[in-house]
Amino acid sequence: MTLSPRQQNIAVAFIVLGFFVMMFAWSGQIRDVRGREFPLLVSGAGIVLAVLDVIAHTDTGVGRRIGLILSGSAHITDDGLTVGIGRELTVMLWIVVATALMVLFGLVAGIPLFVFGYSSLYARRTLRQSAIAAIATIFAIWIGFELLLNYQLYPGLLFAN
Amino acid sequence: MLNGLIQGLHLILTVHGIGMLALGVVVGLVFGAIPGLGGTTAMALFIPLTYGMQSQDAMALAGGIMGAVAFGGTITAILLNTPGTPMSAATCFDGYPLAQQGKAGMAIGAAGMSSSLGGLFGVVILVAVMPIARALVLSFGPAEFFMMALLGLVSIAASTGGMFLRGLISGAAGLMMAYVGYDSVSGGIRYTLGIDYLWDGIPLVPTLIGLFAIAEMIKLSIIGGRVVRTKEFGERIVGVREGIRATFRNWPTVLRGSAIGSVIGAIPGVGGTVASFIAYSVTMQVSKHPDRFGKGEIQGVIGPESAINAKDGGALIPTLAFGIPGSAEMAVFLGMLVLHGLEPGPLLLIEHQGEMFSLIVALTISCVFATILGLSVTRWLSLITLVDVHILVPAVISVSLVGAYALNNKLGDVIIAAVMGLLGYQMIKYNFPRVTMVIALVLGDLAERSFHQAMQLSDGHWTVFITRPISATLLVLILISLAIPVVRFLLARRQSIAAKKGSPG
Amino acid sequence: MFARLKIGTAAAIVALAGMMTPAMASFPDKDITLVVPFSPGGGFDTYARLIAPYLEKHLPNKVHVVIRNEPGAGGRKGLADVYRSKPDGYKIVIVNVPGAMVPPIIGRKVGYDLQKITWIARVSDDAYLLCVPGKSSIKTFADFKAYAAKHKVKMPSTGAGSTADAMAKVILGVLGINGDIVTGYKGTKEMTLALMRGDTPAGILPQQSTRKYIQAGDIRALLTTDDVSVYKGVPTAKSLGLEDLNGLYIHRLIAAPPGTPPSIQEILSDAFMAAMADPAAKAAAAKAHRPFAPLSGKQAEAAVKKQLALFLRFKDELKK
């Protein structure tokens, strides 16, 4: 089920509202008075703002007026909102994969694996092109960081002693 | 003083000195350009190298790095919408749209020229202000810091234009993020869920890398194609000269930006990131066409860029006069000074005039040199915007994650960068400005700390914020900042009503 | 047959011995990492970078000493990291005492135990001063006591559990003064600036870094915890009859993970001592106004014990 841009925005506004409500409750548990003041103030303001945001995106008179003054709804751009959730999730997954590869196998192994995988599976390049991209990337990074800057590239959880 | 200047020039203009300066400039440009690395890292890496050198050569290297880093960060900000350093983030707003219109050359040209001029201006201010530096630095206490932080937060929110409400929301979220970790005021630990890594809070640079670099790559990856969105790419070569001309044409903007940069840079603790954002905000607010900002208005590049390098001059004021570093870079620089036996403080300028002026000279030459160097490779660099996205994306993501780790050798930084990348993309999609979040993250701690300090020092009397003259002045500036968008809105409404009345029925 | 067995065993023993001794005799055979649990540019970082090249010079086998900054959690992260590492002498750390001592005393969970760690050497120490702004009307310690009798004394500190905070609390405790500690300052420099501004009427600052401000007249020191009076006109706590405050220092020590073999500890300790005695090193240290105060591993251990005893006496003040 795909939501219209307006519906998506309202959903997001609700999520944001939920976040601030949670932070408000959490802040209430801070023991020291001075440690509580600002967080409560800010998360409280956040709740108010989020509610305004929800209203601003609804198709009501009040909503439109708020939107006009504070520009909440006036600019629901289409940029990316109708791209299709499949493609989005795929790319986001690739980021997770990239991070996981680098964390587990270290940067020297993880980077070429990631570049190769992304190039061949997602960008649909030929295997040769992907391999070249992978090797070129890690080579450049290795030269730049390990050699020139004397940085230790992360060895990865599996290989670290 | 003229004596000192001549001495300084003399010490620098040796083969060694120039060589170190050149090295510093190259290092600065490269480190500035790569997200995650930056001036602080560059200085920390190269300090050991200066150990055996003469002090003035070390000054040349330091000056070279400091003057060039900002421009390096600006180049990636314009070409890829991913600022290499936090302070270049403001340049993205109008720099990247210009690149998308095929005008990357112009943007970089304007940026380079502005930062040169700004840097020169900052140095002039530094030298001029030195005599009263003490009094200036000493008059800023916790109350003033609080007002300064508040001013920063408000200006940024006000400058988000058409996304004010969501800008505030991002800002509030950023503030909550700033409160994670150890709170030095209450001595307590907040929101860490027992995770040791979060004790120091959510780190700024990995967040920046994620929100801007990685998020942008996600977006590019989804949309595909190339960075350049339009067909008019032929302008790239002519662009640079056009950009330089534009800078001179807009000299009031340059002056304004430089002034803001030096003043804010001089206040220890507030930081240069804020300077460029406030400069952007002010430039937009005094402009006759505020609605053009964010879409490729060249003034939106000139303003912040003038501020960035001017702030270096400003940041040296408390650093040299008191040994109180105005920023993280300055703290590392101080370490280097001490290593060379140049103890900062009131006596430094008297006892070591030559070395100090060689630093100032180095900084000056560096700004200009960096610009020349940067501009000469601009033509090649702008080609990046033509590169196929699917080659660019994995490369930039890899470098970003490497950079995030390189910062402090903490695994957590890489994970934060990745998480922020995912969040950043959603923020792009739903029009939540990321900039207010970053600024809030930077200023949140300062604001809260200063407020409680001021209150404790005044034994709980709120009036302290109004009775102290500088604090009161800043408060007035804050109110003006909040008022301008509202006044604008009312004026525009009245004009449109008048227009409707005037048109034939 | 027995002959063969004997020869075989003998050969095995020789081989084993051969495997063991080279390892110990040839320490170090690769680069040593000196971890600095603080950001670059600070006092600990400066000392580490100052001594590293001379350490290299005085270590056998021409290895490099690599400095690695691992800031975080007020220095606890880097320390805990090295504490957990293999005790083979290749990863050592520069430690802030009493900075590292205070968190466990006030009940915080830390990843190390200072009683079990292997002490290698001490690089430097620094005494503390009771200071007032240069422009203050308080000119002597007697003036200060008079002031404190009538007002609650405000003092700056960085944050609960930090060295600055602990020092301020302990000193106020010893003097029996009712104090109001204003936390949130980001470091010694900011605290110094705060005092110069007159944010607070008094403060506790480390001796070395305050020198130039005293010379310039921006800060006035009323007493020092040092054994001898280093600055003109500043009496020692001892001379004012405050024995408890005598010897209240901050130490910069080098440590290695617990269980480091004594032979390796000795090699490292000797190298550090030799480096600090090196005339070129001393000259560089003097130039940077960061003198060494060397102690060997065993001596360092004793100094730590002594200070731990002192701080435990003021456990309650620290917990406030």
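# Contacts between and within chains of a predicted model

In chain B, the helix α18(B) is followed by Asn431(B), a residue whose phi is positive, near 60 degrees.

**The interface of chain B and chain A**

- The contact draws on 59 residues from chain B and 62 residues from chain A, and the two chains bury about 5300 Å² between them, with 73% of that area on carbon and sulfur atoms.
- Within the area that chain B buries against chain A, 12% is supplied by Leu165(B), Tyr191(B) and Ile222(B), which is more than any other three residues supply.
- The rule finds two salt bridges across the interface of chain B and chain A, and Asp53(A) forms a salt bridge with Arg166(B), in which the closest N and O atoms are 2.9 Å apart.
- Across this interface of chain B and chain A there are also 13 residue pairs in polar contact, counted where both residues have pLDDT 80 or more.
- Several helices of chain B each supply at least two residues to the side that touches chain A, namely α3 (39–46), α8 (164–178), α9 (204–223), α17 (389–408), α18 (411–429) and α19 (434–457).
- The largest share of that side of chain B comes from α17(B), which gives eleven residues.
- When the residues on the side of chain B that touches chain A are sorted by class, 41 are nonpolar, eleven are polar and seven are charged.

**The helix α18(B)**

- The helix α18(B) has 19 residues and reaches 28 Å from its first C-alpha to its last, which is close to the 27 Å expected at 1.5 Å a residue.

**The two domains of chain C**

- The domain assignment divides chain C into domain 1 (29–126 + 249–319) and domain 2 (127–245), and the C-alpha centres of these two domains of chain C lie 26 Å apart.
- In chain C, 22 residues of domain 1 are in contact with 20 residues of domain 2, and the two domains bury about 1600 Å² between them, 55% of it on carbon and sulfur atoms.
- On the domain 1 side, Asp126(C), Tyr249(C) and Phe314(C) lose the most area to domain 2 of chain C, and together they account for 37% of what that side buries.
- One salt bridge is found by the rule across the interface of domain 1 and domain 2 of chain C, and the side chains of Arg313(C) and Asp244(C) meet in a salt bridge with an N to O distance of 2.9 Å.
- Between domain 1 and domain 2 of chain C, the count is five residue pairs in polar contact, with both residues at pLDDT 80 or more.
- The elements α4 (102–105), β4 (118–126), β10 (250–256), α11 (297–313) and α12 (315–319) of chain C each supply at least two residues to the side of domain 1 that touches domain 2, and α11(C) gives the most to this side, with three residues.
- By class, the side of domain 1 of chain C that touches domain 2 of chain C has twelve nonpolar, three polar and seven charged residues.

**Backbone geometry**

- Most residues other than glycine have a negative phi, and most peptide bonds are trans.
- Tyr191(B) has a phi near 55 degrees, a positive value in a residue other than glycine, and Tyr191(B) is found in the loop between β2 (189–190) and α9 of chain B.
- In chain C, a cis peptide bond joins Val97(C) and Pro98(C), with omega about 15 degrees, and Pro98(C) lies in the loop between β3 (91–97) and α4 of chain C.

Notes:
Residues numbered from 1 in each chain as written. Chains lettered and ligands numbered in written order. Predicted model: local features only at pLDDT ≥ 70, side-chain atom pairs only at ≥ 80, totals over all residues. Heavy atoms only, no water. Contact = heavy atoms within 4.5 Å. Buried area = accessible area lost by both parts, 1.4 Å probe. Salt bridge = Lys/Arg side-chain N within 4 Å of Asp/Glu carboxyl O. Polar contact = N/O pair within 3.5 Å; in protein donor to acceptor, adjacent residues only side chain to side chain. Helix = DSSP H or I, 4+ residues; strand = E, 2+ residues; numbered from the N terminus. Nonpolar A, V, L, I, M, F, W, Y, C, P; charged D, E, K, R; others polar. Expected span 1.5 Å × (residues − 1). Domains from an automatic or database assignment.
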